[in-house]
Every structure is written in structure tokens, then in C-alpha cells.
Amino acid sequence: FVFARRKEERMSERLPRLVPWANTAEWQAVRAWIFSSSVAARWRGCRRLEAWRARMSRLPLAVECTYNLLHAQLQDHGRQSDNHTLQMLYAMAVVRFINGFSDAEQRGAVARSVAVISASLRIPEWLVDIRHDTTHTTIPSLECLRSCVPHALAWLRENYWDKQAEYLEEQAVELSELLSKYRGVQTANAKAAKLRDGFLKDIISTTTPNSIRDVLVPALLANGVLIPEDLKQDQAAWLALWQPALARFAETWGHFAVTMMSSLIHALQQQQQQQ
């Protein structure tokens, strides 16, 4: 099951996909809270997931499943519900987890069984059996359902949260290296212009609309990239270097200029607060 964007899909995308988190930093913070050993941190993560649900009527599947499982687990930990309610919460979370990913993977004219799809996703078979009992026979005991949650959350962590975090980190490194190469070609001649154009094409093909705000713009605003470390440097030459890049980005992504300005204003506000 592939959560990260495929490169061939990036080229045709020009509009960002709506997500409930403000930026990657918020997403990373929630990821850390959800899988923390601290109950207080997990509650904090759960409350933030609830806020995301309020922002969007439909969360990404992996995030929604994480919330359902975590919410049931925390309700149980604090004994904030009776045993029957807890049993229903756990059962609903497990069924939605298995059914959600099975439905998402249904492809082709011939439907595949939940068991077959789950096996291809490396979801433990016994979890699928518990889902089957819950929907077709008798709801398993609270103890049995309770034991499902750590395994389901571990699957979500491995196949969504950790994979997505790794993908974002790799993309940030790749974009930083490309921007560094672009910046390094400052000679004003035809050969240099061709090199810079090649680097710009690579940057655009590497960047997804959703990563503009969270990866590309922060990389541009890093020290020594768009803003020179030495303010005494030739400003005209620096402007001539970056103006084509900014113009190309604005032409490629209609929301780039607004995103760039809002991020710059936010960075200045944070700087003022620190002072």
C-alpha cells in the first residue's frame, strides 16, 4: 500500500490537496504525541486529531483509523466509559480499520475478499478474523478487542506515519541539494543558464503542491539561500540569480507567491517574538 506520492503523479498536479494540519511541523508533532509512551502526550495527540476532524469532514484514511483506535484506547485507560461502551468503541475501530484499507485497495472488475487484500497489505490474519467475528457472528470480548489496538496502531505507524515522515525528510534533503546546486551556478553565460534551467526543472518535478509550503518555501527561506548571509553581497547579481526561479515557481503553482509571502511574514513575526 503506497502512501507517498508517485513521481509520475507529481508532474500533472498543480493544486494542493486539502489537509487539516497547518504545516508539516504540526503533523510531525502529532505523530510524536500519538506514539509517545506518555499518556498525557497521547491525549494531546488525540485532541489534536479531534481538532482535525472538526476542520475537515473526511480525514485521510490512515489518520481517521489512528484516531478511532487511539480514542478507544484512551477511553479505556482512563476508564471513562463502561465495559459495553468500550467494547463497541474497540469493535468499531477495528472493523473500520480493516474495512477501510480493504475498500481502498479494491481494484479491477472482480472484487477481492477482505482476507486476500489484508494479506497483501501484511495486516495480521488474526486481526482480520476478529473483524469477521465482529461483523458476522458475535462481538469478541473486551480483552480480545483491547489486544488488537497496539497491533493495528503499529501497522499504521509503519505503513503511514513513519513512511510519510521518511518521505518528507528525503524530499527536504533532495530539494535543499537542488537549490544549493542552482545557487552555485552564478556565472552569467549560456552554459550556466542551461544548467540553472535544468536544476529548476528538477526542483519542479520533485516538488508536490502540498510540499511547497512545508518543504520548498522553508528551504528557500533558510539562511544563505534566497536571502544571502552576507547582506553586503552584490544585490543586483543575487536578484538576477533568483528572479527567474521565483518567476518559474509562480508560473507553475498559482498559490506559490501567496504561500511564499505568508511564510515570510510568519517567519518575521516569530523573529520579533523571540527578540
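Eleven salt bridges are found in this structure, a salt bridge being a side-chain nitrogen of Lys or Arg within 4 Å of a carboxyl oxygen of Asp or Glu. Before we walk through some of them, please keep in mind that this is a predicted model, in which local features need pLDDT of at least 70, side-chain atom pairs count only at pLDDT 80 or more, and totals for chains, interfaces and linings use all residues. Residues are numbered from 1 along each chain as its sequence is written, and side-chain values use heavy atoms, with hydrogens and water left out.

## Salt bridges

| Pair | N to O distance |
|---|---|
| E26 and R55 | 3.4 Å |
| D162 and R31 | 2.9 Å |
| D162 and R157 | 3.6 Å |

Which parts of the chain does the bridge between E26 and R55 tie together? E26 sits in helix α2 (residues 24-34) and R55 in helix α3, so the pair links parts that are 29 residues apart in sequence. Helices here are DSSP runs (H or I, at least four residues), as strands are (E, at least two), numbered from the N terminus.

The surroundings of these two partners can be described as well. E26 is buried, at a relative accessible area of 10%, while R55 is partly exposed at 47%. Buried stands for under 20% relative accessible area, exposed for over 50%, and partly exposed for what lies in between, with a 1.4 Å probe and protein chains only. Leaving aside residues up to four places away in sequence, E26 touches W21, R48, W52 and R55; contact means heavy atoms within 4.5 Å.

## Helix packing

Two packed helices are described by the angle between their axes and the distance between the axes. The axes are lines fitted to C-alpha atoms, for helices over the stretch in contact, and the angles run from 0 to 180 degrees between N-to-C directions.

How do α8 and α10 (residues 211-221) pack, and at what angle? Their axes are 9 Å apart and the angle is about 40°. That makes α8 oblique to α10, given that angles under 35 degrees count as roughly parallel, over 145 as roughly antiparallel, 65 to 115 as roughly perpendicular and the rest as oblique. On the α8 side the contact is made by Q171, A172, L175, S176 and L179, and on the α10 side by S211, V215, L216, A219 and L220. The crossing of α8 and α10 is right-handed; a crossing is right-handed if the near helix is turned clockwise from the far one by less than a right angle, and left-handed if anticlockwise.

Helix α7 (residues 125-136) also packs with α8, their axes coming within 11 Å and crossing at roughly 135°. That makes α7 oblique to α8, and the crossing is left-handed. Here W126, L127, I130 and T134 of α7 meet C144, L145, S147, C148, H151 and A152 of α8.

## Loops

Two loop residues are worth a look. R122, in the loop between α6 and α7, has a positive phi of about 65° although it is not a glycine. E105 is placed in the loop between α5 (83-104) and α6 (114-120). Is E105 buried or exposed? E105 is buried, with a relative accessible area of 11%. Its C-alpha atom is separated by 45 Å from that of G224, 119 residues apart along the chain.

## Confidence

The mean pLDDT of the protein chain is 86, and 90% of its residues reach 70 or more; pLDDT is the predictor's confidence in each residue, from 0 to 100. Where pLDDT is low, the predicted coordinates should not be read in detail.
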